[in-house]
Amino acid sequence: MLPRMPYLTHLTCSLCGRRHDDTPDTYFCADCGLTGILEVHYDLEAVRPGFRERLARAPRGIWRYIDLLPLNPSPLPALTPGDTPQFDFPALAARHGLRGLRVKDEGRNPSASFKDRASAVGVVRAMQHGKTRIACASTGNAASSTACFAAHLGLPATIFVPATAPEAKVAQLRVFGAQVLLVEGDYEKTWDLCQVISTRMGWYNRNCAVNPYLVEGKKTGGLELAEQWGDDVPDWLAISVGDGCTLAGIWKGLREMHALGVIPRVPRLLAVQADGARPLCDSFERGDERVIFGPANSLADSIAVGAPRNGVRALRAVRESGGVFVAVSDAAIAEAGFELASRTGIFGEPAGVAAFAGVLAARTSGAITGAETVCVMVTGSGLKDVRGGTAAAPPARRVSADPEQFAP
Ligand SMILES: *Cc1c(COP(=O)(O)O)cnc(C)c1O
Ligand SMILES: [Zn+2]
């Protein structure tokens, strides 16, 4: 019999460093509790020989990185997240005085957001460990992607969403057949409820910040970028930040690909928050790792997080990369979304285009110079939140059906 997960060695606590074994119910540090986020480790020295050759033969999408995922190599689902394109936009770069501007469009994933990368790994892991239901608390995308992959694999799903979640995201949950619970409370209360109920019921808990394996799915964003870049690594990678798992995951992927020799260096990270939900940006500017929870008001619902659960790792990643945090206003997010869509054809949801708004702010402040190249992760499709996504687009004009009255 083939070894299962031949390269996964162990997990460590990001607070106290304690070593943990990989078991079906390992979620957080036994000593530190919920804040003791675990990190998954692989024997990269063992992965290295023949890694590029195995990649050259592997299918497109995230399952090609099975050596670096916390899953048994089979069975894997037919539906595959990832393999999203990265485009170069020289005219838009020139318009903002940048040497280069690339956009990776994550809106093309199966349920139309970056979260599919994590949810697919979570759902497959739940199935491989014989779990009978997966649970998830989310403002939207984590939920819709979980419901999507649970539907694909026939695993029952219970989703806790704040009652204020955008309609299109709730629509996805309903149509994917999940049990949808609209919680009367904000994201924080919703998350706490999911945590308590899944522990009580023995359901597989997808909640990313406490589930270390989900970050491994997000990591594939970094693995894939590294393969797309090769030797041509941009100076900056811009990512929007709510809980911080997306950024921390992508950073882990880039580091692993650097260790495996796929990329010669790593980019600096531009971490972008919304003005109305900026606890990590504040910690960064204070220069410490303490995260003081604050308000969560933003048009960009997917990053409207006042109580981030994976903040420490995101802060460390940005510092390690020599990067910075910036915060942008809702008006700047709306403008950036309209500019990106009307000049490139890529329609991102507000949280997705916030990263682009952050690049423009960093260009204005001089944090990013005109000699540099930037890659922007657009993390979700604009069709997820049509109202928010079109906030800065001009209205349509009403005309008469009579051709005689038409004026251009
Ligand atoms: C979840 C999400 C983010 C931010 O990810 P975090 O892990 O919460 O930092 C950004 N954009 C979109 C579209 C998302 O759904
Ligand atoms: Zn610990």
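Student: How many aromatic pairs does a search of the whole structure find?
Tutor: This model is predicted: local features need pLDDT of at least 70 and side-chain atom pairs pLDDT 80 or more, while totals for chains, interfaces and linings use all residues. Residues are numbered from 1 along each chain, chains are lettered from A and ligands numbered from 1 as written, and side-chain values use heavy atoms, without hydrogens and water. Rings of Phe, Tyr and Trp (its six-membered ring) pair if their centres lie within 6.5 Å; planes under 30 degrees apart are stacked, over 60 edge-to-face, the rest tilted. For the whole structure, the number of aromatic pairs found is three.

Student: What kind of aromatic pair do Phe87 and Phe89 form?
Tutor: The centres of Phe87 and Phe89 are 6.1 Å apart. The angle between their planes is 35°, and the pair is tilted.

Student: Is Phe89 buried or exposed?
Tutor: Buried means under 20% relative accessible area, exposed over 50%, and partly exposed in between (1.4 Å probe, protein chains only). Phe87, at 29%, is partly exposed. Phe89 has a relative accessible area of 15%, so Phe89 is buried.

Student: Why is the pair of Phe284 and Phe325 tilted, and what is the angle of the planes?
Tutor: The ring centres of Phe284 and Phe325 are 5.4 Å apart. The pair is tilted because the planes are at 45°.

Student: Which elements do the buried residues of α10 pack against?
Tutor: Helix α10 covers residues 279-286, and its buried residues are Pro279, Leu280, Cys281, Ser283 and Phe284. They pack, with heavy atoms within 4.5 Å, against β12 (268-274), α11 (311-320) and β13 (324-328).

Student: Which strands stand at the edges of the open sheet, and why is one side of each without a neighbour?
Tutor: Four strands form this sheet in the order β9-β8-β7-β10, with parallel pairing (at least two DSSP bridges). An edge strand has a single partner, so one side is left without a neighbour; these strands are β9 (179-183) and β10 (204-205).

Student: Which residue in β10 does Ile134 stand opposite?
Tutor: Strand β7 (residues 134-137) runs parallel to β10, and two bridges join them. Opposite Ile134 stands Tyr204.
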